[in-house]
Amino acid sequence: MQNELRNETQISRPGVRIRMKRWKSYVISTGIGCLIGVFLCVAKPFGKGWGIGSIITNADSVVSNGDMLLSISTVEEILKPASDLISMRYCYTDADVNENFKSFFGNRVPFTTDKVVFTYDGIVSVGVDLSSVEYEINHENKAITILLPEVKIIANEIDASSFEYPYKSDSIFNSTDMSDYTDLIDVLKQKKAEEVKNNTEFMKSAEENTKTVLKSFLTEAEATKEYTVTFKG
């Protein structure tokens, strides 16, 4: 009787071990399945489907499509080609008079005055330096705000070969040599720069042109076409 009980115990123990192994395998399989499910649920909101393209390796240089964030460096890159288009040119042909005379104790000496009437061509470029522009990006509302600095003169040139002298009158005791007009050109540039800056209509047009060009670049670019663009400054 005792032998029979011992035999039954020995026979039943392997069965217990077998059932325990199967139970452990079931728990391990279920745990792995849960981990995979959690990973998929967490990964999916960060990208389209569950591809690795949703991982941002450098937030400052990655352009977003879908749920990824748009960066300021991307906006700057999009607008870089616009630097040559945001300026307006004030092209002109002007005339001026140069008088040269000798003086004595503050008084003009007679017969020493000579006069030259001349014409010349020049270009004054007005616009904004893109390196001074600042940007604010609202990702939630998909809005880009551009902070524009004041429009200013960014180039002022006079064509030295364009000088013509329709009238020249030399005095008996004095003669002006117009072949060296380096100092004269500097004076003429300053004079024209002040004239352009005081032309409020032209300066306003230059500002509006800058806004139109920048906005068109951003509304056409793939990365920013869904963003609204506004300006400050």
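**Entry 1: largest pocket.** I began with the lining of the largest pocket, to which strand 7 contributes the largest share, three residues. I note that the model is predicted. Strand 4 and strand 7 are the elements that each give two or more residues to this lining. I computed about 190 Å³ of space for the largest pocket. I then listed the lining residues: Ser-83, Asp-84, Ile-86, Ser-87, Arg-89, Ile-123, Ser-125, Val-128, Asp-129, Ile-154, Ala-155 and Glu-157. Sorted by class, the lining holds five nonpolar, three polar and four charged residues.

**Entry 2: largest nonpolar core.** I turned next to the largest nonpolar core, which has 37 residues. Val-75, Val-126, Ile-146, Phe-163, Leu-214 and Leu-218 touch the most other members. I recorded the elements that supply two or more residues to this core: helix 2 (72-79), helix 3 (182-197) and helix 4 (200-220), together with strand 1 (88-100), strand 4 (114-127), strand 5 (134-138), strand 6 (143-147) and strand 7 (152-169). Helix 4 gives the most, with six residues.

**Entry 3: Ile-146.** I looked up the contacts of Ile-146, leaving aside its neighbours within four places in sequence. Ile-146 is in contact with Leu-214 and Leu-218, as well as with Val-133, Glu-134 and Tyr-135.

**Entry 4: helix 2.** I found Thr-74, Val-75, Ile-78 and Leu-79 to be the buried residues of helix 2. Viewed down the helix axis, these buried residues fall within an arc of 130°, so they line one face of helix 2. I noted that their cover includes strand 5, strand 6 and helix 4.

Conventions
Residues numbered from 1 in each chain as written. Predicted model: local features only at pLDDT ≥ 70, side-chain atom pairs only at ≥ 80, totals over all residues. Heavy atoms only, no water. Core = buried A, V, L, I, M, F, W, Y, C linked by side-chain atoms within 4.5 Å. Buried < 20%, exposed > 50% of the residue type's maximum accessible area, 1.4 Å probe, protein only. Helix = DSSP H or I, 4+ residues; strand = E, 2+ residues; numbered from the N terminus. Contact = heavy atoms within 4.5 Å. 1 Å grid on protein atoms, 1.4 Å probe; cavity = no way out; pocket = protein on both sides within 12 Å on 5 of 7 lines; lining within 4 Å. Points joined across faces, edges and corners; volume = space filled by probe spheres on them. Nonpolar A, V, L, I, M, F, W, Y, C, P; charged D, E, K, R; others polar. Arc of directions from axis to C-beta.
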